[in-house]
Amino acid sequence: MNSRPATVSEQPRIRAVRVLTGAYLALSVLTLGAIFLLRDDPSMVTDVVWVRATIVAASALLTFLFARSAARGSKRGLLRLRIVSAVMTVAIVVIVSIPGFLPLWVRLEQGVCGALLLAVVVLVNGRHVRSLFSE
């Protein structure tokens, strides 16, 4: 029987955060790829789509790196993750709710990104995860 306490990275909620942020990053990169492939179709890809997808992919990379840092026990990484995930969730909700701003397929993709980030926000702001960093 192993009685040693689990490290932060071994905590199920921290693992879930890493999986969620990894999925957010993967979806963002795949979306950039789809945008590149559809670049000649102005009904599917606009300048706004390029800019938005680039910003989202950059934030997804940062979010993933902050999650990795938090999993290593960094309080600063957790704080950054809490801030970025909350800000991006709000930004996604606002942008997706603007009629006609983005093509439907991008709005759907952003909705999935928002759902992934909302789950991260709930987990990293929960009592259990915060307690892992209280010492």
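Residues are numbered from 1 along each chain as its sequence is written, and side-chain values use heavy atoms, with hydrogens and water left out.

**Figure 1. Confidence along the model.** The mean pLDDT (the predictor's confidence in each residue, from 0 to 100) is 92 for the protein, and 94% of the residues score at least 70. Helix 4 has the highest mean, 97, and helix 5 the lowest, 87. Residues 1-5 fall below 50, and this stretch has one contact in the model beyond near neighbours in sequence. Where pLDDT is low, the predicted coordinates should not be read in detail. Helices here are DSSP runs (H or I, at least four residues), numbered from the N terminus.

Figure 2. Helix 1 covers residues 12-37, 26 residues in total, and spans 37 Å from first to last C-alpha. That is close to the 38 Å expected at 1.5 Å a residue, where the expected span is 1.5 Å times one less than the number of residues. Its buried residues (under 20% relative accessible area, 1.4 Å probe, protein chains only) include V17, Y24, S28 and I35. The buried residues of helix 1 pack against helix 2 (47-71), helix 3 (75-97), helix 4 (104-124) and helix 5 (127-132).

**Figure 3. Packing of helix 3 on helix 4.** The two axes (lines fitted to C-alpha atoms over the stretch in contact) lie 9 Å apart at an angle of about 145°, on a scale from 0 to 180 degrees between N-to-C directions. Contact means heavy atoms within 4.5 Å. Residues that meet include L81, M88 and I92 of helix 3 and Q110, G114 and L117 of helix 4.

**Figure 4. Surroundings of Q110 and V56.** Q110, in helix 4, counts as buried because its relative accessibility is 1%. Leaving out residues up to four places away in sequence, Q110 touches R52, V56, I92, V96 and L102. V56, in helix 2, has a relative accessible area of 2% and is therefore buried. Beyond four places in sequence, V56 is in contact with Y24, S28, M88 and Q110.

Key: This is a predicted model: local features need pLDDT of at least 70, side-chain atom pairs count only at pLDDT 80 or more; totals for chains, interfaces and linings use all residues. Helices (H or I, at least four residues) and strands (E, at least two) are DSSP runs, numbered from the N terminus. Buried means under 20% relative accessible area, exposed over 50%, partly exposed in between (1.4 Å probe, protein chains only).
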